[in-house]
Amino acid sequence: MLAGTPPAREATIVGIGQTAFEKSIDRSELALACDAVLAACDDCGLSVTDVDGVVRYDVEQTTEWDLIYALGVPHLNFFAGTPSGGGGVANTIVLAATAVESGLADHVVVYRARKRGRRSAFGSGPLEGGRPWAKVGTRPSGTQQYHHPFGLASPAQEMAIIARRHMHVYGTKAEHFGLQAVAQRRHAATNPAAIMRNPITLEDWSAARMIADPIRLVDCSLENDGAVALVVTTAERATDLRQPGVRVLAGAMGEHPIHTQLAVFLAETGAYSGRETGGRSIGHRLFGSAGVAPADVDVALIFDHFTMAVPLTLEQYGFCGEGEGGPFIESGATSWPDGRLPVNTHGGSNGEAFIHGVNHLPEAVRQLRGTAANQVPGCRLAFVNGSITDCSGAVLLAR
Amino acid sequence: MVREDFPKPPPTGDGVPFWAYAREHELRVQRCRDCGLHRFHPRPRCPRCRSEAADWVPCRGTGSVFSYTICYPPVLPAYASSVPYNVAVIELDEGPLMVSNVVDCPNEELEVGLPVEVCFVDVDEELTLPQFRPRR
């Protein structure tokens with residue numbers, strides 16, 4: 001990933017692990033994190049005592065200490081957190097890859113455990129399970145004071161306003177989001193790990209109840225429990241391990257305006273003026289450093305807190321032209337198996353599960369290993385990104 | 001009678017003048033004393049020229065709907081009895097965008113570009129919301 005890295009030290013994903021994904025699991029976030037980390041180590045044949053680096057989301061409630069003292073990891077040489085919520089998906093890998101390629105650590109674990117199901121709150125803090133936005137209380141601080149008194153609090157409401165602006169500027173239709181919801185639910189139907197195994201039609205989508213116009217229930221990420229972990233090491237170490245390694249070909253971070261400052265977000269992006277910001281900036285550096293083009297990507301795992309994020313991401317990263325995300329989806333391009341760029345082949349956040357997007361990473365690894373439930377034939381290059389409404393980033397993974 | 005769980009701005013911080021002027025039925029935002037940029041939300045420095053010098057200047061109170069949504073459950077408890085209600089982002093004629101609501105307008109008549117003007121709704125003896133209504 002980093003220019004000048006000797007081939008033997010190139011960052012390689014060797015292990016993936018995940019818990020069951022369910023609406024409610026009667027285990028703590030720490031227990032789920034341990035399950036996922038052990039599964040990831042087991043997947044590649046490493047002992048958890050080999051782990052010497054840990055990367056997590058800043059908002060992750062299972063700390064480095066919680067994890068290593070629960071699992072008996074003897075010492076850490078590297079730890080890092082990534083800001084924002086779903087913006088951090090790919091940045092966890094960027095950080096882990098930076099650690100192993102620089103030599104700071106040899107075996108870095110990335111993890112995210114989350115209890116978000118309706119009955120899963122385990123504390124009164126906004127990040128202690130359940131719906132964060134519903135637990136802010138009556139004195140919202142920071143920029144939330146310019147949202148909450150007007151009844152704007154949930155991410156669905158914020159994304160609806162972003163989506164509406166895109167519809168106004170480009171003629172994008174709500175049905176375009178619906179078609180992506182339908183495609184992902186069809187992918188989930190044939191993924192045994194997915195929570196939502198019953199496919200839906202566009203008619204079902206249009207009958208689903210409105211959450212925040214134009215966003216309907218089936219456009220939303222699921223509220224569920226579960227955990228995911230990955231192990232990143234060097235290419236040289238990977239050759240001794242159980243699974244074929246997946247190379248971190250390129251990674252890039254970027255400041256994307258954040259949805260919790262919606263007025264600023266829209267001032268920066270809502271005119272769609274072609275500014276070099278957010279995914280557009282990340283994408284240019286990402287594809288530039290890898291020497292490949294968006295058209296070379298075989299499968300895309302796109303952060304989809306809401307399905308409206310898919311067309312906007314496709315546009316920003318150059319998978320289609322500005323304003324063409326809706327028609328791109330309508331053409332069937334994002335559907336597995338026939339689309340030219342299958343998106344969220346595991347079913348995404350409205351089909352498989354919502355582990356804050358981190359479950360998109362093991363799906364990319366499975367596609368590159370050739371073991372995905374909905375396998376893209378001959379998959380060689382995968383794209384994974386974080387939320388386009390947070391501090392964000394993206395990676396290109398290759399076999 | 002407003003519900004006890006109605007969300008209120010915090011008593012300290014950069015936003016205090018904004019809410020205090022709203023209480024006086026005035027819509028004011030910061031304007032940089034050096035480069036003249038109007039900014040909202042309130043911040044300690046101008047994002048264009050980094051100056052700390054700023055005045056809280058009155059806005060004309062006119063603008064247009066930049067985008068909007070209609071909210072259905074789940075919503076904040078204080079808004080549960082108001083669904084479906086709108087939230088709109090207003091583009092003020094001075095430039096900044098601002099989250100608010102459009103009142104005196106059926107939800108189905110809301111549209112991007114709708115010209116609006118500010119009006120003030122006293123929530124209780126502590127809080128006043130600057131909201132907007134269609135300009136006729």
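Student: Which strands of chain A does helix α13 (residues 360-369) lie across?

Tutor: First, the ground rules. This is a predicted model, where local features need pLDDT of at least 70, side-chain atom pairs count only at pLDDT 80 or more, and totals for chains, interfaces and linings use all residues. Residues are numbered from 1 along each chain as its sequence is written, while chains are lettered from A and ligands numbered from 1 in the order in which they are written. Helices (H or I, at least four residues) and strands (E, at least two) are DSSP runs, numbered from the N terminus. Residues are in contact if their C-beta atoms, placed from the backbone, lie within 7 Å. Axes are lines fitted to C-alpha atoms, for helices over the stretch in contact, with angles from 0 to 180 degrees between N-to-C directions. Here, α13 of chain A lies across β1 (11-18), β7, β8 (246-254), β9, β10 (381-385) and β11 (392-398), and runs at about 180° to β10(A).

Student: What is the order of the strands in the open sheet of chain A?

Tutor: Strands pair if DSSP finds at least two bridges between them. The nine strands follow β3-β2-β4-β7-β1-β8-β11-β10-β9, with mixed pairing. β3 (78-82) and β9 (299-301) of chain A each have a single partner strand, so one side of each lacks a neighbour in the sheet.

Student: In which sense do β4 and β7 of chain A pair?

Tutor: Antiparallel: residues 108-115 and 225-234 are joined over eight bridges. For instance, A113(A) has A227(A) as its bridge partner.

Student: How many residues does each chain bring to the contact?

Tutor: Chain A and chain B bring 33 residues each. On the chain B side, β4(B) gives the largest share, six residues.

Methods. Contact = placed C-beta atoms within 7 Å.
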